[in-house]
Every structure is written in structure tokens, then in C-alpha cells.
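These are my notebook entries on a single protein chain. I set down what I looked up, entry by entry.

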Amino acid sequence: MRFLRPRWWGENCHTGENHFTHYVSCIVKLKQYTCKHSIMDGTCRAGSEVTKILFVEPPKDYWFLMGEYLPPPTGLLVLAAYIEEKIPDFEIEVMDCQAEGKDFRGVEDRIEDVSPSIVAFSGFTCNAYVCARAAEIAKKVNPDITTIAGGQHFSSTAEESLLNFPEIDFIIRGEGEETLVELIQALRAGRNLAYVRGLSFWHNNSVIHTPRRPLIPDLDKLPYPAYHLVEKNMEKYHFAMMAGKKTRYMILEGSRGCSYRCRFCSQWRHWDGVWRTKSAKRIADEMQYLSERFGGEFLWLTDDNFGYGIRGKELRQELEQRTFTDDITWFFQARTDDIVRNPELVAGLREVGNTWVLTGVENDSPEVLGSFRKEMDPSDAHRAVKILEKNDIFSHTMFVIGSRKDTAASIERLRRFSLDLGSDLALYTVLTPFPGTDIYGEAVQNGWVEDTNYAHYDMAHAIMPTETLSKRQVQEELFICYRAYYGSNASNISGFFAGNKIKRRVTRHMAGKDILNSLRNLV
């Protein structure tokens with residue numbers, strides 16, 4: 001199975017070539033792009049010329065189901081901060097195309113102006129093509145620029161991506177900080193790159209994968225994200241639905257990985273199935289730093305699972321001693337069973353600014369949850385929503401349709417379940433076979449994947465049929481889910497006049513975004 005470049009790739013590229021000839025020309029350019037470094041013997045043309053890196057957050061569309069928002073490129077800023085700490089004399093710039101209002105022509109202009117030795121980027125599956133496009137532009141400006149890709153998608157598809165995108169020189173697999181720093185140091189010194197763990201690259205017409213890098217054992221030792229590199233953009237970062245367009249929005253990590261093994265999720269495998277957390281003090285210190293140094297007002301703790309019982313009490317104790325919590329609100333995602341087991345911690349964290357909790361309910365069927373390896377009881381969803389409501393915390397629930405056994409009747413039952421649940425916001429997604437997941441392996445092996453355009457891997461486009469529903473019918477069912485949710489006049493009216501101010505804002509915001517028309521256009 002081949003996952004192709006998107007239709008627009010050839011149509012919009014600066015060369016004016018059509019899709020097919022452009023793709024072929026890229027394959028022909030493979031040796032030109034990969035002969036810069038004599039990797040295995042350690043000789044490298046780069047040497048002292050490697051002086052500057054440009055991180056690029058390329059032009060892309062954000063997930064329309066969450067309304068209008070502009071997040072900071074925190075993943076890139078984490079890497080930038082680590083380079084600053086380990087290689088102080090190395091020049092670093094960050095280009096955030098969304099915040100700066102730049103298109104791919106703007107990317108080309110910036111690369112020409114900055115003259116970086118390295119251009120680096122990271123992205124989810126639905127953004128893979130725009131990342132590769134940024135690499136292509138870098139090579140157009142100067143073929144000697146080293147291009148580096150990382151993140152979950154490229155980690156899971158390292159060989160495929162190097163085959164399909166010859167403009168990418170290196171892929172960093174897994175945790176990126178130490179690998180990126182060692183790669184830069186090796187390039188500067190002309191050392192053998194084969195000894196850099198966690199790296200994939202071409203050599204002698206073969207893709208080389210160096211051994212996987214061990215995880216960083218103590219996340220507290222990581223520097224704070226380098227937000228100072230995008231300080232000029234700080235006023236632009238916002239999440240309109242969640243906090244309003246004028247509320248400064250920032251992101252921080254409290255942990256990495258997950259101890260669960262959901263079959264549709266790539267996170268746990270990316271982090272080697274290990275859950276590592278920063279200490280409660282480090283999390284509180286970082287929140288305070290973002291608030292006081294950069295004016296962060298709405299903070300997203302991006303953990304895959306918050307873990308009330310493991311660190312909720314300690315984090316509350318840390319935060320209640322600090323006055324900055326009067327100036328912020330923050331949100332995270334948590335499991336329904338964790339909420340149900342820890343109602344007193346839910347209440348305690350509300351007192352120190354936690355106003356929004358996202359929880360993956362996923363499905364009402366124990367059989368479907370079992371097929372997802374989602375170890376939860378559907379009845380916990382009702383109890384969790386009630387606990388959040390009792391504490392005036394906005395409850396945001398997520399649901400998945402399109403599992404292999406799904407039928408029109410089973411999806412209708414899920415719709416009724418989700419409406420009866422009464423959460424403040426429900427978002428419905430289509431089961432998507434992200435590379436690196438168990439679902440992906442099963443779907444590819446059985447020939448279920450009908451859409452290989454990674455730009456559609458956004459959980460809003462149907463990618464596979466079920467046993468009884470075509471891919472188009474799954475897409476129609478997603479539209480019907482949202483029509484049932486947003487099309488209810490009674491629900492909309494109650495939302496406009498809800499006691500919870502976040503629910504009032506969300507209802508008004510989403511009503512103006514015309515989500516239903518966007519979804520109808522996908523059918």
C-alpha cells in the first residue's frame with residue numbers, strides 16, 4: 001500500500017509541474033538530496049558550517065471541530081530550549097507560519113533570509129505533507145540545508161517517509177531532545193552519524209535505522225519551553241471556544257506517555273509504553289513561569305491522562321500556596337474511571353483553577369470498548385459528568401464511531417447515549433488508523449483502508465468502512481451525530497443561558513462556526 005502525496009502537491013508547487021511528474025522528479029533528486037553526508041564513514045561536508053537551525057511550523061489548517069484557535073508550537077519550543085541549554089553557541093530561530101500569517105512563499109523567503117544550516121519540523125499524520133513541503137522548499141533554496149523531521153507520525157513511518165519524501169534528510173524517531181542535540185554535534189564535528197541513536201536516514205540506496213534511544217528518565221531536568229523565541233506572537237495564541245480570543249493561550253507538558261494500551265492511540269507506543277511524570281512542584285513552577293513571565297492565562301496541560309490518584313493531591317497542594325492561580329484557568333484530559341475514583345481531588349483542583357476536563361468516553365458498548373482495549377465501564381461516564389457538573393467544571397466528552405462491527409443501529413444507540421449523558425460539549429470522531437497504532441496494522445493487513453491521503457487522517461474524514469457500512473455511510477453517520485447534537489433547539493437555548501460561563505461561550509462560539517455545513521461537505 002502506498003500513501004501518496006496530496007492532490008495539491010504538484011498543482012501548487014513553485015515548479016508548476018503536475019502531481020505525477022513532480023513526484024517522479026523528486027525520486028530522481030533522491031541522490032542529490034542524500035549525498036551531502038558520507039554518513040557511515042563519518043566524513044561530513046557540514047562541519048563548522050553547521051551554525052544555525054530554523055524550526056518551521058508550516059502553514060496548515062487546524063481542526064475545525066474545535067472552532068477557531070491558534071496554539072503555540074510548543075513541541076518545537078521544547079526542542080529549541082534543549083538545544084539552547086546543551087549547545088549555547090548555536091543559533092536558533094522559530095517560524096510559526098500561522099501566527100505570522102505566512103504561506104509557503106513566506107517560508108521560502110524566511111529560509112533565504114535566515115540562511116539556516118538546518119531546517120527542522122514536526123507534525124501529526126494529517127500534517128505530514130505540509131512538513132515535507134517545507135523540507136522541499138528548504139532544498140530548493142539551498143540543497144546543502146539539512147532537513148530533519150520528527151514527531152509521532154514520522155517516527156512511525158520513518159522508512160515510508162524517507163522513501164516518499166527524498167527532501168527529508170533525517171528522521172528522529174521517538175523522544176527528540178537528545179537525538180537532535182547529538183545529531184547537531186555530530187554534523188558540526190564531522191562524526192559518524194550511525195552512532196546517533198534514534199535516527200533514520202538514507203545510505204547507499206538503503207534506509208538505515210540506528211538503535212532506538214532510551215527515554216529521558218527525569219523530565220524535571222528538561223528546561224522550560226523556549227517561549228521567548230516566539231514572544232512577538234504571544235498575543236496571538238488563543239483558543240476562542242475555550243477561553244475567548246483575547247485570552248493568552250499556552251501549553252505545557254506534565255507527563256509523557258500512557259500506561260494504558262488503547263488500540264487506536266499512537267501515544268503510548270511512541271513513548272515506549274511508559275508513563276513518566278514531572279513532579280508536582282515542577283508542573284506548578286512551570287505554570288507559574290508561563291503566567292508571570294509571558295502572561296499565560298489559559299493553560300493546557302497536554303498529558304494523555306492526567307492521573308488524579310497519582311499526583312492530583314500533590315499538585316493541588318503546590319498550587320494552593322501560590323497566588324498566580326487567581327489569574328489563570330487550565331484544562332487537561334482524564335479518564336472517566338479516574339474521575340469517579342477521585343471526586344474530592346476533582347473538587348480540590350477546581351479551587352486552584354481547573355475549569356475544563358476532557359474525557360474520552362469513546363463508546364457506550366462494552367464490546368466496542370473491549371475491541372479498543374479501552375479498559376473502562378460505560379456507566380462511569382454518567383458518574384464522571386455528574387461529578388464535573390457538581391464542581392462547576394466544564395465537561396467535554398469524546399466519542400468514536402466507525403469500529404469494525406458498527407452498524408447504523410449501533411451508532412444511533414451511541415448518539416442517544418451521548419445526548420442522555422448531558423455533558424457540556426460532545427465531539428464525535430471517526431475511528432482513524434493512525435500509523436503506529438494496532439488499528440493501523442490490522443486495517444492495512446486486512447485491506448480495510450480506502451483513503452491513503454494522510455491529509456484526511458484528522459478523525460473527521462472516514463478512512464475505512466465497517467462490516468456493514470460503506471466509507472461514505474460512515475461519513476454520513478458522523479454528520480448525523482453532529483446534526484443531532486447541534487441541531488437541537490432546546491439544547492442550544494439551554495446552552496445560551498447556562499449557569500456555567502464556559503458553556504455559554506462555547507455554545508455561542510460553535511453556533512457561529514457552522515460546523516454542520518463543514519461536515520456536510522465531507523459527505
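**Entry 1: Two loop residues with positive phi**

I began with Met459, which sits in the loop between α20 (438-446) and α21. I noted at the outset that the model is predicted. The phi angle of Met459 is near 70°, a positive value in a residue other than glycine. I recorded this because most residues other than glycine have a negative phi.

I then turned to Asp392, which is placed in the loop between α18 and β16 (394-401). Asp392 is not a glycine either, and its phi is positive, near 55°. With a relative accessibility of 39%, Asp392 counts as partly exposed.

**Entry 2: The chain as a whole**

I looked up the totals next. The protein chain has 24 helices and 17 strands. Of its 523 residues, 60% are buried. The chain exposes about 21000 Å², and carbon and sulfur atoms supply 49% of that area. Among contacts with a separation of 6 or more, 75% are between residues 24 or more positions apart.

**Entry 3: Helices α19 and α21**

I wished to know at what angle α19 and α21 cross. The axes of α19 (residues 408-421) and α21 (residues 471-486) cross at roughly 25° and come within 10 Å. Angles under 35 degrees count as roughly parallel, and the two helices are therefore roughly parallel to each other. On the α19 side, the contact is made by Ala408, Ile411, Arg415 and Leu419; on the α21 side, it is made by Glu477, Ile480, Cys481, Ala484 and Tyr485. I sorted the residues of this contact into seven nonpolar, two charged and no polar.

I followed up Glu477, which lies in α21. Is Glu477 buried or exposed? Its relative accessible area is 9%, and Glu477 is therefore buried, the cut-off being under 20%. Leaving aside residues up to four places away in sequence, I found that Glu477 touches Ile401, Ala408, Ile411, Arg415 and Leu469.

**Entry 4: Helices α4 and α10**

Helix α4 (residues 74-86) packs on helix α10 (residues 177-189) with the axes 9 Å apart and at an angle of about 50°. That angle makes α4 oblique to α10. I recorded the crossing of α4 and α10 as right-handed. From α4, the residues Val78, Leu79, Tyr82, Ile83 and Lys86 meet Glu177, Glu178, Leu180, Val181, Ile184 and Gln185 of α10. The residues of this contact comprise seven nonpolar, one polar and three charged.

**Entry 5: Pro378**

My last entry concerns Pro378, found in the loop between α17 (366-371) and α18 (379-390). Pro378 counts as buried because its relative accessibility is 13%. Which residues does Pro378 touch, not counting those up to four places away in sequence? I listed Asn363, Asp364, Ser365, Pro366, Leu369 and Phe417. I also noted that 7.2 Å separates the C-alpha atoms of Pro378 and Val361, which are 17 residues apart along the chain.

Notes:
Residues numbered from 1 in each chain as written. Predicted model: local features only at pLDDT ≥ 70, side-chain atom pairs only at ≥ 80, totals over all residues. Heavy atoms only, no water. Helix = DSSP H or I, 4+ residues; strand = E, 2+ residues; numbered from the N terminus. Buried < 20%, exposed > 50% of the residue type's maximum accessible area, 1.4 Å probe, protein only. Contact = heavy atoms within 4.5 Å. Axes fitted to C-alpha atoms, helices over the stretch in contact; angles between N-to-C directions. Parallel < 35°, antiparallel > 145°, perpendicular 65-115°, else oblique. Nonpolar A, V, L, I, M, F, W, Y, C, P; charged D, E, K, R; others polar. Areas by Shrake-Rupley, 256 points an atom, 1.4 Å probe, with all protein chains shown as cover. Left-handed = near helix turned anticlockwise from the far one by under 90°.
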